[in-house]
Amino acid sequence: MKMKENREENFSEVILIGAGIMSATLGTFIKKLEPSWKIKIFERMDRVTAESSEAWNNAGTGHSAFCELNYTTEQEDGSINIDKAVKIAESFEVSKEFWATLVQEGIIENPAEVIRSIPHMSFVWGENNATFLRKRFEAMSKHHLFSDMEFSNDFDQIKDWMPLIMEGRDASQELAATRVDIGTDVNFGALATSMFGYLQESDNVELRLHQEVGDIKRLANGNWELTIKDLDSGKDIKYTARFIFIGAGGGSLPLLEKSGIPEGKGYGGFPISGKWLVCNKPEIIEKHNAKVYGKASVGSPPMSVPHLDTRMIDGKRALLFGPYAGFTTKFLKYGSYMDLPQSIKWSNIWPLISAGMHNLSLTKYLVEQVTQSPEERLSALKEYFPEAELEDWDLKDAGQRVQVIKKDENGTGVLEFGTEVVYAQDGSLATLLGASPGASTSVSIMISLLKKCFPEMEASEKWRTELTRMIPSYGKSLGADIQLFEETRRRTSDALQLDYSYS
Ligand SMILES: Cc1cc2nc3c(=O)[nH]c(=O)nc-3n(C[C@H](O)[C@H](O)[C@H](O)COP(=O)(O)OP(=O)(O)OC[C@H]3O[C@@H](n4cnc5c(N)ncnc54)[C@H](O)[C@@H]3O)c2cc1C
């Protein structure tokens with residue numbers, strides 16, 4: 001997409017819808033690459049990062065595939081495919097490169113408020129799961145991205161790694177665990193807030209809160225016109241832009257539908273809400289120092305893998321367990337119960353119905369989760385912390401995810417658990433749907449978006465030089481080049497004050 005001069009009132013080159021981590025990342029990239037472009041950001045809430053990007057609304061795991069078992073699959077011949085794990089781990093290294101640059105430039109003032117080292121561990125029980133974990137360890141630890149991984153099926157060793165999980169556990173049970181010390185806990189809310197702070201202080205950028213985008217339409221001159229309700233005055237105001245990014249999280253699908261682009265036809269959304277059990281007892285919180293991920297139960301969606309997580313939020317250590325899934329028709333935590341019904345159109349009604357028919361195990365799982373009693377929630381926690389007691393834990397709402405339902409070539413709906421960016425053919429509009437692996441890979445997602453929407457500029461020397469300054473490995477593969485990877489991890493870990501190893 002080429003940018004031409006335009007003097008309309010309320011015109012800006014770029015409009016970003018939603019003030020979450022995705023708009024923050026894209027806005028920061030564009031500001032660095034084209035400082036003279038006018039950027040407007042509209043957010044319906046009265047603060048930034050109120051939805052999924054807020055620290056308590058997500059798990060804060062820096063997804064590197066160290067502990068998330070759903071990123072590695074067992075093939076029919078029994079071997080373990082680590083391709084997805086490598087891609088996610090590489091993406092996270094690229095995210096850290098960008099964040100390290102933000103630290104060096106003073107955009108992130110205190111890296112410890114944004115990202116911290118915390119061991120990432122996987123923990124399973126039963127013979128089949130233990131065999132899977134050992135094979136996974138053998139396949140992964142050969143790759144330089146995962147060479148720090150350790151494996152154990154020794155009760156005392158695992159107890160040393162995760163004492164809380166092993167207290168009161170039957171020593172005859174077959175157990176296995178892996179450990180990677182250089183995992184991370186990320187406060188994506190604090191990270192995005194740093195970037196919005198930088199954008200607000202920059203020339204040509206306006207961040208407007210309490211402004212809800214209601215309609216999007218294409219004008220004859222190719223620009224986009226947005227109708228935006230000022231939620232304080234109740235007035236509708238129109239703004240135009242050459243390029244728009246719909247980074248509205250769960251609210252993206254309805255806006256994509258409003259834009260009317262043919263590429264958006266046939267998409268549907270399936271909302272899944274989440275809850276955490278949050279520990280209220282400091283003595284217990286202190287005893288755990290890891291993110292420990294288990295195996296998802298049969299029929300459950302991949303992102304519902306249970307985990308017992310140490311978090312550091314606003315300088316305070318916390319311990320949470322979950323997520324417990326739930327169903328609501330809201331697309332946003334602070335959304336409307338009409339979100340799902342209003343998103344149903346002729347073009348996506350069959351994909352929605354057929355996806356439901358093909359995912360009966362998910363429906364059953366959600367019904368079971370929604371109807372869980374506090375005691376049933378406790379028994380799920382006890383699988384990870386056998387001595388847990390109900391009064392030490394409070395139930396807290398997590399963020400809302402809207403899983404993508406996509407039409408396949410036969411017109412049938414397929415439920416996807418990943419992230420998908422839908423582009424207008426000329427690259428003048430991009431929408432981010434879905435939520436996994438999410439914020440951890442926000443930098444790579446936005447780099448792909450820049451390549452797709454601004455191909456000539458991305459190929460120009462000016463942009464390449466700036467992109468390589470911000471992300472020194474730009475255009476190269478950290479998964480393929482060990483030396484580059486070691487240099488990169490050392491540099492980013494130093495800047496972000498993280499533990500590192502490149503043995
Ligand atoms: C339970 C849970 C756990 C997760 N765990 C992890 C994890 O451990 N690691 C990880 O990397 N990712 C995780 N994620 C995913 C991650 O949180 C998301 O990928 C990421 O926060 C999405 O950012 P976003 O900017 O797209 O959306 P959001 O942060 O949701 O921001 C969208 C913004 O758009 C605004 N908006 C919506 N509609 C409109 C409108 N019409 N007009 C104006 N503004 C609008 C909303 O108010 C909101 O502020 C998790 C998500 C959930 C729900």
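Rings of Phe, Tyr and Trp (its six-membered ring) form an aromatic pair if their centres lie within 6.5 Å; planes under 30 degrees apart are stacked, over 60 edge-to-face, and the rest tilted. The whole structure holds 16 such pairs.

This is a predicted model: local features need pLDDT of at least 70, side-chain atom pairs count only at pLDDT 80 or more, and totals for chains, interfaces and linings use all residues. Residues are numbered from 1 along each chain as its sequence is written, and side-chain values use heavy atoms, with hydrogens and water left out.

**Aromatic pairs**

Two pairs are set out below.

| Pair | Geometry | Centre to centre | Angle between planes |
|---|---|---|---|
| Trp37 and Phe454 | tilted | 5.7 Å | 45 degrees |
| Trp125 and Tyr384 | edge-to-face | 5.4 Å | 70 degrees |

Helices (H or I, at least four residues) and strands (E, at least two) are DSSP runs, numbered from the N terminus. Trp37 and Phe454 link distant parts of the chain, 417 residues apart. Trp37 sits in the loop between α1 (21-33) and β2 (39-43). Phe454 sits in the loop between α14 (442-453) and α15 (455-459). Buried means under 20% relative accessible area, exposed over 50%, and partly exposed in between (1.4 Å probe, protein chains only). Trp37 is buried at 6%, and Phe454 is buried at 0%.

Trp125 lies in strand β6 (residues 120-125), and Tyr384 in the loop between α13 (374-382) and β18 (393-397), so their pair ties together parts 259 residues apart in sequence. Trp125 is partly exposed, at 25% relative accessibility. Tyr384 is buried, at 1%.

A charge sits over a ring if NZ of Lys or CZ of Arg is within 6 Å of the ring centre and within 35 degrees of the ring normal. The charged end of Arg377 sits over the ring of Tyr324, 6.0 Å from its centre. For Lys396 over the ring of Trp56, the distance is 4.8 Å.

**The ligand shell**

Of the 37 residues around the ligand, Glu43, Ser53, Thr61, Val213 and Ser440 come nearest. A polar side-chain atom of Ser53 lies 2.5 Å from a ligand oxygen atom. Backbone N or O atoms of Ser52 and Thr61 lie 3.2 Å and 2.9 Å from an oxygen atom of the ligand. The protein covers 96% of the 1,000 Å² of accessible area that the ligand has on its own (Shrake-Rupley method, 1.4 Å probe). Elements giving two or more residues to the shell are α1, β2 and β11 (211-218). The largest share, three residues, comes from β11.

**Backbone details**

Ile30 lies in helix α1 and is buried, at 1% relative accessible area. Ile30 and Leu450 are 420 residues apart in sequence but 8.8 Å apart in space, C-alpha to C-alpha.

Most residues other than glycine have a negative phi, and most peptide bonds are trans. The bond from Gly322 to Pro323 is cis, with omega near -5 degrees; Pro323 is in strand β17 (residues 316-326). Ala65 has a positive phi near 65 degrees. Ala65 occupies the loop between β2 and β3 (73-74) and is buried at 0%. Gln497 has a positive phi of about 60 degrees. Gln497 follows α17 (482-496) and is exposed, at 55%.

Key:
A residue is near a molecule or strand if one of its heavy atoms lies within 4 Å of it. A polar contact is a pair of N or O atoms within 3.5 Å; within protein, one must be able to donate a hydrogen and the other to accept it, and residues adjacent in sequence count only if both atoms are side-chain atoms.
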